Amino acid sequence: MEKLVSNEEIKEKARELVKALKEDKRYQDYISLRNELKNNKDIMDKMNKIKSLQKDYVKSAYLNKEIELKLDELNKELEKNSLYKDYITKEKEINNILMNITEGLNIAFINILNKSDK
(Lines give C-alpha, C1' and ligand atoms only; values in the text may rest on other atoms or scores of the structure.)
Protein backbone atom coordinates (compact mmCIF):
# COMPACT_ATOMS: atom_id res chain seq x y z
CA MET A 1 0.00 0.00 0.00
CA GLU A 2 1.35 3.39 -0.96
CA LYS A 3 1.76 6.01 1.77
CA LEU A 4 -0.17 9.24 1.35
CA VAL A 5 2.65 11.18 2.99
CA SER A 6 6.04 10.18 4.23
CA ASN A 7 7.04 10.06 7.87
CA GLU A 8 9.50 12.86 7.17
CA GLU A 9 6.71 15.06 5.76
CA ILE A 10 4.64 14.41 8.88
CA LYS A 11 7.60 15.31 11.11
CA GLU A 12 8.22 18.48 9.11
CA LYS A 13 4.58 19.59 9.45
CA ALA A 14 4.73 18.85 13.19
CA ARG A 15 7.90 20.98 13.46
CA GLU A 16 6.12 23.81 11.61
CA LEU A 17 3.19 23.60 14.02
CA VAL A 18 5.50 23.67 17.06
CA LYS A 19 7.42 26.60 15.57
CA ALA A 20 4.18 28.52 15.01
CA LEU A 21 3.14 27.86 18.60
CA LYS A 22 6.50 28.97 19.99
CA GLU A 23 6.36 32.18 17.94
CA ASP A 24 2.84 33.01 19.15
CA LYS A 25 2.81 35.98 21.55
CA ARG A 26 0.50 34.18 23.98
CA TYR A 27 2.99 31.31 24.30
CA GLN A 28 5.93 33.69 24.66
CA ASP A 29 4.05 35.57 27.39
CA TYR A 30 3.37 32.24 29.12
CA ILE A 31 7.06 31.27 29.02
CA SER A 32 8.07 34.69 30.32
CA LEU A 33 5.62 34.38 33.23
CA ARG A 34 6.80 30.82 33.93
CA ASN A 35 10.42 31.97 34.10
CA GLU A 36 9.47 34.86 36.37
CA LEU A 37 7.55 32.43 38.59
CA LYS A 38 10.51 30.04 38.78
CA ASN A 39 12.67 32.91 40.04
CA ASN A 40 10.21 33.77 42.81
CA LYS A 41 11.31 31.73 45.82
CA ASP A 42 8.19 32.45 47.88
CA ILE A 43 5.82 31.24 45.17
CA MET A 44 7.94 28.21 44.31
CA ASP A 45 8.17 27.22 47.98
CA LYS A 46 4.38 27.38 48.30
CA MET A 47 3.85 25.45 45.08
CA ASN A 48 6.27 22.74 46.19
CA LYS A 49 4.62 22.55 49.60
CA ILE A 50 1.23 22.17 47.89
CA LYS A 51 2.53 19.32 45.73
CA SER A 52 3.88 17.55 48.79
CA LEU A 53 0.68 18.06 50.75
CA GLN A 54 -1.41 16.85 47.81
CA LYS A 55 0.53 13.59 47.79
CA ASP A 56 -0.05 13.19 51.51
CA TYR A 57 -3.72 14.03 51.07
CA VAL A 58 -4.12 11.36 48.39
CA LYS A 59 -2.35 8.84 50.62
CA SER A 60 -4.86 9.67 53.35
CA ALA A 61 -7.64 8.76 50.89
CA TYR A 62 -8.76 12.41 51.09
CA LEU A 63 -9.69 11.96 54.75
CA ASN A 64 -7.09 14.11 56.51
CA LYS A 65 -8.93 17.38 57.19
CA GLU A 66 -5.80 19.01 58.57
CA ILE A 67 -4.02 18.58 55.23
CA GLU A 68 -7.11 19.76 53.37
CA LEU A 69 -7.22 22.96 55.42
CA LYS A 70 -3.50 23.60 54.89
CA LEU A 71 -3.93 23.08 51.14
CA ASP A 72 -6.82 25.53 51.06
CA GLU A 73 -4.78 28.07 53.01
CA LEU A 74 -1.74 27.78 50.71
CA ASN A 75 -3.90 27.96 47.58
CA LYS A 76 -5.60 31.12 48.85
CA GLU A 77 -2.20 32.67 49.56
CA LEU A 78 -1.01 31.86 46.05
CA GLU A 79 -4.19 33.19 44.45
CA LYS A 80 -3.55 36.57 46.08
CA ASN A 81 -0.30 36.87 44.16
CA SER A 82 -0.79 38.69 40.84
CA LEU A 83 2.17 36.94 39.16
CA TYR A 84 0.76 33.53 40.06
CA LYS A 85 -2.76 34.53 38.92
CA ASP A 86 -1.41 35.82 35.59
CA TYR A 87 0.57 32.63 35.12
CA ILE A 88 -2.43 30.38 35.84
CA THR A 89 -4.62 32.42 33.47
CA LYS A 90 -2.02 32.21 30.71
CA GLU A 91 -1.47 28.50 31.35
CA LYS A 92 -5.21 27.85 30.93
CA GLU A 93 -5.18 29.84 27.70
CA ILE A 94 -2.26 27.80 26.32
CA ASN A 95 -3.92 24.53 27.38
CA ASN A 96 -7.10 25.59 25.57
CA ILE A 97 -5.11 26.34 22.43
CA LEU A 98 -3.44 22.91 22.61
CA MET A 99 -6.80 21.19 23.17
CA ASN A 100 -8.27 23.03 20.17
CA ILE A 101 -5.36 21.91 18.01
CA THR A 102 -5.78 18.32 19.22
CA GLU A 103 -9.53 18.39 18.57
CA GLY A 104 -8.97 19.95 15.16
CA LEU A 105 -6.47 17.26 14.21
CA ASN A 106 -8.79 14.51 15.47
CA ILE A 107 -11.67 15.88 13.40
CA ALA A 108 -9.44 16.17 10.35
CA PHE A 109 -8.25 12.56 10.74
CA ILE A 110 -11.78 11.28 11.24
CA ASN A 111 -12.92 13.12 8.10
CA ILE A 112 -10.00 11.68 6.13
CA LEU A 113 -10.73 8.15 7.35
CA ASN A 114 -14.46 8.48 6.67
CA LYS A 115 -13.80 9.67 3.13
CA SER A 116 -11.40 6.79 2.47
CA ASP A 117 -14.07 4.26 3.56
CA LYS A 118 -16.40 5.38 0.76
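Visitor: Where is the place of Lys-90?

Guide: Lys-90 belongs to helix H5, residues 82-117. Helices are DSSP runs of H or I with at least four residues, strands are runs of E with at least two, and both are numbered from the N terminus. The model is predicted, so that local features need pLDDT of at least 70 and side-chain atom pairs count only at pLDDT 80 or more, while totals for chains, interfaces and linings use all residues. Residues are numbered from 1 along each chain as its sequence is written, and side-chain values use heavy atoms, with hydrogens and water left out.

Lys-90 is buried, with a relative accessible area of 15%. Buried here means under 20% relative accessible area, exposed over 50%, and partly exposed in between, for a 1.4 Å probe and protein chains only. Leaving aside neighbours within four places in sequence, Lys-90 is in contact with Arg-26, Asp-29, Tyr-30 and Leu-33, contact being heavy atoms within 4.5 Å.

Tyr-30, Ile-31, Leu-33 and Leu-37 are buried in H2. They lie on the same side of H2, because they cover an arc of only 165 degrees around the axis, the arc being that of the directions from the helix axis to the C-beta atoms. At the start of H2, a side-chain oxygen of Asp-24 comes to within 2.8 Å of the backbone nitrogen of Arg-26.

The axes of helix H1 (residues 7-23) and H2 come within 5 Å and cross at roughly 65 degrees. H1 is therefore roughly perpendicular to H2. The contact is made by Leu-21, Lys-22 and Glu-23 of H1 and by Lys-25, Tyr-27 and Gln-28 of H2. Axes are lines fitted to C-alpha atoms, for helices over the stretch in contact, and angles run from 0 to 180 degrees between N-to-C directions. Angles under 35 degrees count as roughly parallel, over 145 as roughly antiparallel, 65 to 115 as roughly perpendicular and the rest as oblique.

Lys-46 is found in helix H3 and is buried, with a relative accessible area of 18%. Its side chain makes a polar contact of 3.2 Å with the side chain of Glu-77. A polar contact is a pair of N or O atoms within 3.5 Å; within protein, one must be able to donate a hydrogen and the other to accept it, and residues adjacent in sequence count only if both atoms are side-chain atoms. With neighbours within four places in sequence left aside, Lys-46 is in contact with Leu-74, Glu-77 and Leu-78.

In H3, Ile-43, Lys-46, Met-47, Ile-50, Leu-53 and Tyr-57 are buried. Their arc of only 130 degrees around the axis puts them on the same side of H3. The face turned away from that buried side carries the exposed residues Lys-41, Lys-55 and Lys-59.
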